[in-house]
Amino acid sequence: MSSVAAVLWVAASSPNPDPMNTCGLVRALESSRALSRCQNQRMDNGRRKKQTTKTWSVMSYRRRSAVSSSVVASHAGEIALSSEEKVYNVVLRQAALVNKQLRSASPDLLDDVKKEPQEIVLPGSLGLLGEAYDRCGEVCAEYAKTFYLGTLLMTPERRKAIWAIYVWCRRTDELVDGPNASHITPMALDRWEARLEDLFRGRPFDMLDAALADTVARYPVDIQPFRDMIEGMRMDLRKSRYKNFDDLYLYCYYVAGTVGLMSVPVMGIDPKSKATTESVYNAALALGLANQLTNILRDVGEDARRGRVYLPQDELAQAGLSDEDIFAGKVTDKWRNFMKMQLKRARMFFDEAEKGVTELDAASRWPVWASLLLYRRILDEIEANDYNNFTKRAYVGKAKKIAALPLAYAKSVLKTPSSRGTN
Ligand SMILES: CC(C)=CCC/C(C)=C/CC/C(C)=C/CC/C(C)=C/COP(=O)(O)OP(=O)(O)O
């Protein structure tokens, strides 16, 4: 998914102003959590309640400030939500769906199917559903080898479901990035969305859709992240500049954060986890955002050659840079300093994601750790290239990739929910 992007809150009153407002990134996570606290109080899941108290004893003052700073009143007097708050509402929707299922499932079901399969009208015979899943596996093996190998560690049910989600995301991305991308219109995306709505109602259009229809009937997967990914494709069609980080945050959520939200219902949360459901979903969101930001930082030159600049315009201006500097592609000290701040922010999202990997079902932890460590390394490679992301593509070599696997395995075994208490 090539076009498929808030962690340390710096209080407004900070005596050391951050040149980049140390990260709308930071503000985003904090404000999200403040929002979640209000909503948590209305929910009754025991696991979540326990966690909430603990988390909130640490930074409630900052969280309160974060919320008030990210809610903006429009001219009409309406309250305009920041991107992170809009996105957090989706996190809460998804977490609520999972909690609803958890309450209705018996403990021995927790590790398996969580939703009564609805009746699905197949565009072929029932036997074809198995073939459809196999085809999803083949597509996954062909286009995302490492990821595919990771899915082999999961239970057969979960892995099939992950393949079906992957294939839908890939097909969605191909609409704007594939061979027919130049012919794609907003209307075609509307039709794709209508198909999505149909498959969630148990009326798939083709067999690959049928595999996903079966998956979303079995697992507590919310439709909103899927709709939002299509919205990300619409955004890519109409926009090639992002005025600030809030703007970019929304784009990164649409095209990558959504993938995190779609995946966790299938990957599962460790039954021993004491973390709140939404904190795990928040971490999954953070991993999608971190991956997308990394993607953007790696591909600055390539995107510029397509006339695209994903970097926040206001941050470029603050660093004394402009689109022209990016098109010229010269690594200057201004550029290095700018990049240092961007890398710092992407790493903060990875840090946030790491807290959640520990809470995942045991079989899902290793592949997620592996992909997290490998993608995070791309940031180190950008540094190793002396920030030349104009003409050099930062990439993690085979040896380093292989070396990351045992490290990922060690993390997945040693960092377990019971080994770390609450997060
Ligand atoms: C952390 C927790 C709790 C769960 C994990 C939840 C997951 C699986 C999150 C990952 C989300 C994800 C994979 C987003 C896609 C992001 C992205 C930028 C993909 C880039 O794909 P390609 O463009 O194919 O990559 P390359 O260009 O590097 O080949």
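Two residues are in contact if their C-beta atoms, placed from the backbone, lie within 7 Å. Helices (H or I, at least four residues) and strands (E, at least two) are DSSP runs, numbered from the N terminus.

This is a predicted model, in which local features need pLDDT of at least 70, side-chain atom pairs count only at pLDDT 80 or more, and totals for chains, interfaces and linings use all residues. Residues are numbered from 1 along each chain as its sequence is written.

The chain has 18 helices and 4 strands. Of its 423 residues, 45% are buried. A residue is buried if 20 or more other C-beta atoms lie within 10 Å of its own, exposed if 12 or fewer, and partly exposed in between, with C-beta atoms placed from the backbone.

**Two helix pairs**

Two packed helices are described by the angle between their axes and the distance between the axes. Axes are lines fitted to C-alpha atoms, for helices over the stretch in contact, and angles run from 0 to 180 degrees between N-to-C directions.

Helix α6 (residues 156–177) and α10 cross at roughly 165°, and their axes come within 9 Å. The two helices are therefore roughly antiparallel to each other, where angles under 35 degrees count as roughly parallel, over 145 as roughly antiparallel, 65 to 115 as roughly perpendicular and the rest as oblique. The crossing of α6 and α10 is right-handed; a crossing is left-handed if the near helix is turned anticlockwise from the far one by less than a right angle, and right-handed if clockwise. On the α6 side, Arg158, Ala161, Ile162, Ile165 and Cys169 meet Val259, Met262, Ser263, Val266 and Met267 of α10. By class, this contact has 8 nonpolar, 1 polar and 1 charged residues. Ala, Val, Leu, Ile, Met, Phe, Trp, Tyr, Cys and Pro count as nonpolar, Asp, Glu, Lys and Arg as charged, and the others, Gly among them, as polar.

Helix α15 (residues 333–357) packs with helix α16 (residues 362–384) at an angle of about 165°, with the axes 11 Å apart. α15 and α16 are therefore roughly antiparallel. The crossing of α15 with α16 is left-handed. Among the residues that make the contact are Leu343 and Phe350 of α15 and Trp369 and Leu372 of α16. The contact of α15 with α16 has 10 nonpolar, no polar and 5 charged residues.

**Around the ligand**

The shell around the ligand holds 21 residues, of which Ala256, Val259, Gly260, Asn291 and Gly356 come nearest. A residue is near a molecule or strand if its C-beta atom, placed from the backbone, lies within 6 Å of it. Helices α10 (245–267), α11 (277–298) and α15 each give two or more residues to this shell, and the largest share, 8 residues, comes from α11. The shell has 13 nonpolar, 8 polar and no charged residues.

**Single residues**

| Residue | Other C-beta atoms within 10 Å | Class |
|---|---|---|
| Ala141 | 15 C-beta atoms | partly exposed |
| Asp386 | 12 C-beta atoms | exposed |

Trp366 is in helix α16. Apart from neighbours within four places in sequence, Trp366 is in contact with Leu153, Ala408, Tyr409 and Ser412. Ala141 is in helix α4 (residues 127–143).

Asp386 lies in the loop between α16 and α17 (398–414) and has a positive phi of about 55° although it is not a glycine.
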